[in-house]
Amino acid sequence: MIPTRYCAPLLAALLASAAPAVADDDAGRVFGWVEKATLEPSGVEVKAKLDSGALTSSLDARDIETFEKEGDDWVRFRLKLEDEASGETFTELMELPLYRDLRVRGAGGVDERPVVLMNVCLGDTVYEEQFSLRDREEMNYPLLLGRRSIGHLGLLDVRETFLTEPDCDDDSPFVAHDPDEAE
């Protein structure tokens with residue numbers, strides 16, 4: 001039997017350890033397993049699947065090629081996305097520095113994908129995240145957000161969808177990519 005004088009502190013410690021580990025500013029933020037997001041700065045709105053089974057986020061990209069620019073490795077690719085806000089097809093040719101290469105193992109073997117840093121708006125915040133580039137035309141969601149991205153958002157409710165609307169502008173909070181995060 002536990003002496004009475006230890007009961008209150010023990011109960012408080014147990015309750016504190018059972019609470020989710022979320023920063024105070026993220027405590028009220030809950031996202032569903034599918035959300036609308038905008039790719040910045042273009043503002044094209046896409047459906048994003050929040051996938052806790054993936055570590056790195058992935059973006060639908062076509063005609064992907066790496067090249068050298070001023071001694072650095074870059075990636076050229078074409079976005080062809082349906083803008084959820086307008087229903088129109090958004091197409092843009094992009095060139096971004098190569099952040100790293102990602103090796104993905106799956107049932108089909110090993111796949112190498114280039115990874116770039118891009119900005120995405122979820123809720124009222126812009127996040128600079130790593131995105132592996134691959135043709136996701138046959139997938140239901142052109143944007144997949146992995147654990148590395150989900151960890152910045154707040155809580156994930158896997159029972160819900162579309163709990164937030166992207167609403168970012170020049171004054172929105174910005175969360176920069178942390179290069180010290182595990183690859």
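This report covers the disulfide, core, charged contacts and backbone features of one predicted model.

## Basis

The model is predicted: local features need pLDDT of at least 70, side-chain atom pairs count only at pLDDT 80 or more, and totals for chains, interfaces and linings use all residues. Residues are numbered from 1 along each chain as its sequence is written, and side-chain values use heavy atoms, with hydrogens and water left out.

## Disulfide

A search of the whole structure gives 1 disulfide (a pair of cysteine sulfur atoms within 2.5 Å). The partners are C121 and C168, with sulfur atoms 2.0 Å apart. The link is right-handed, at 85 degrees about the S-S bond. It joins distant parts of the chain, 47 residues apart. C121 sits in strand β9 (residues 109-122), and C168 in the loop between β12 (155-157) and β13 (174-175). Helices (H or I, at least four residues) and strands (E, at least two) are DSSP runs, numbered from the N terminus.

Buried means under 20% relative accessible area, exposed over 50%, and partly exposed in between (1.4 Å probe, protein chains only). C121 is buried, at 0%. C168 is partly exposed, at 21%.

## Nonpolar core

A nonpolar core is a set of buried Ala, Val, Leu, Ile, Met, Phe, Trp, Tyr and Cys residues joined through side-chain atoms within 4.5 Å. The largest one here has 28 residues. F77 and L143 have the most contacts inside it. Elements that give two or more residues to this core are β2, β3, β6, β7, β9, β10 (125-134), β11 (143-145) and α2 (147-153).

Contact means heavy atoms within 4.5 Å. Not counting residues up to four places away in sequence, F77 touches A61, R62, D63, I64, E92, L93, M94, L96, M118 and L133. M94 lies in strand β7 (residues 89-97). M94 is buried, with a relative accessible area of 14%. Leaving aside neighbours within four places in sequence, M94 is in contact with V75, R76, F77, L79 and M118.

## Salt bridges

A salt bridge is a side-chain nitrogen of Lys or Arg within 4 Å of a carboxyl oxygen of Asp or Glu. The count by this rule is 9. D60 and R62 form one of them, at 2.8 Å from N to O. Both residues are buried. A network of salt bridges links D60, R62, D135 and E137.

Another salt bridge pairs E112 with R103, at 3.6 Å from N to O. E112 is partly exposed, at 48%. R103 is exposed, at 54%. R113 and D111 also meet in a salt bridge, at 3.0 Å from N to O. R113 is buried, at 13%, whereas D111 is partly exposed, at 32%.

D83 lies in the loop between β6 and β7. D83 is buried yet has no salt bridge. The nearest side chain of opposite charge, K36, is 8.8 Å away. For this test, Lys and Arg count as positive and Asp and Glu as negative; His and the chain ends are not counted.

Polar contacts involve the D83 side chain. A polar contact is a pair of N or O atoms within 3.5 Å; within protein, one must be able to donate a hydrogen and the other to accept it, and residues adjacent in sequence count only if both atoms are side-chain atoms. The D83 side chain reaches the backbone nitrogen of A85 at 2.9 Å. A polar atom of that side chain also lies 3.4 Å from the backbone nitrogen of E45. Not counting residues up to four places away in sequence, D83 touches V44, E45 and E88.

## Loops and backbone

A cis peptide bond joins E40 and P41, with omega about 10 degrees. P41 lies in the loop between β2 (34-40) and β3 (44-50). E70 is not a glycine, yet has a positive phi of about 50 degrees. E70 lies in the loop between β5 (62-69) and β6 (72-82) and is exposed, at 78%.

F162 also has a positive phi of about 50 degrees without being a glycine. F162 is found in the loop between β12 and β13 and is partly exposed, at 36%. L163 lies in the loop between β12 and β13 and is partly exposed, at 39%. L163 is in contact with V30, F31, G32 and E35, leaving aside neighbours within four places in sequence. The C-alpha atoms of L163 and G32 are separated by 5.8 Å, although the residues are 131 apart along the chain.
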